[in-house]
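Biologist: I would like to learn how to read helices, surfaces and charged pairs in a model such as this one. Could we go through them together, with the general idea stated before each case?

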Amino acid sequence: MTFDLTGRRALVTGASSGLGLHFAGLLAGVGAEVVLAARRLETVEAEAAKLSGARAAKLDVTDPASVAAL
């Protein structure tokens with residue numbers, strides 16, 4: 001079975017390391033346009049640069065204003 005997310009967008013929170021970063025890579029690998037989001041913008045920018053078509057965003061899920069801004 002093939003899994004193709006071409007043309008779809010995925011927002012991955014906690015994507016600066018660990019499971020979030022791992023799943024961002026998996027999603028990008030099956031064609032999704034991935035937005036890596038985390039509190040440490042510099043880190044997610046560096047990681048997004050390694051993935052084809054990925055973007056980075058600053059996000060603190062505990063801050064309603066941060067969530068609304070994204």
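Biologist: Which elements do the buried residues of α2 pack against?

Modeller: Keep in mind throughout that this is a predicted model. The buried residues of α2 pack against α1, β2 and β3 (55–58).

Biologist: Which residues of α2 are buried, and how should I read their arrangement?

Modeller: The general idea is that an α-helix has 3.6 residues a turn, so residues three or four places apart point the same way. In α2, the buried residues are Val 44, Glu 47 and Ala 48. Because they cover an arc of only 100° around the axis, they lie on the same side of α2.

Biologist: In α1, which residues are buried, and what covers them?

Modeller: Gly 20, Ala 24 and Ala 28 are the buried residues there, and their arc around the axis is only 70°, which puts them on the same side of α1. The cover over the buried residues of α1 includes β1 (9–13) and β2 (33–38). On the face turned away from that buried side, α1 carries the exposed residues Gly 18, Leu 19 and Gly 29.

Biologist: How does the span of α1 compare with what its number of residues leads one to expect?

Modeller: With 1.5 Å a residue, the twelve residues of α1 should span 16 Å, and the C-alpha atoms at its ends are 17 Å apart, which agrees. Just after α1, Gly 31 takes a positive phi of about 100°.

Biologist: Which residues make the nonpolar surface patch?

Modeller: Leu 19, Phe 23 and Leu 26 make the patch, which has an area of about 320 Å². Phe 23 is found in helix α1 (residues 18–29), and it counts as partly exposed because its relative accessibility is 43%, a value that falls between the cut-offs of under 20% for buried and over 50% for exposed.

Biologist: How many salt bridges does the structure hold, and what is the idea behind such pairs?

Modeller: In general, side chains of opposite charge can pair when their charged atoms come close. The structure holds three salt bridges. In one of them the side chains of Glu 33 and Arg 9 meet at 3.3 Å, N to O, and this pair links distant parts of the chain, with Glu 33 in strand β2 and Arg 9 in strand β1, 24 residues apart. Another joins the side chains of Arg 55 and Glu 33 at 3.9 Å, N to O, where Arg 55 in strand β3 and Glu 33 in strand β2 are 22 residues apart.

Technical notes:
Residues numbered from 1 in each chain as written. Predicted model: local features only at pLDDT ≥ 70, side-chain atom pairs only at ≥ 80, totals over all residues. Heavy atoms only, no water. Patch = residues over 30% accessible without salt bridge, like charges linked within 9 Å, V, L, I, M, F, W, Y side chains within 5 Å. Areas by Shrake-Rupley, 256 points an atom, 1.4 Å probe, with all protein chains shown as cover. Salt bridge = Lys/Arg side-chain N within 4 Å of Asp/Glu carboxyl O. Helix = DSSP H or I, 4+ residues; strand = E, 2+ residues; numbered from the N terminus. Buried < 20%, exposed > 50% of the residue type's maximum accessible area, 1.4 Å probe, protein only. Expected span 1.5 Å × (residues − 1). Arc of directions from axis to C-beta. Contact = heavy atoms within 4.5 Å.
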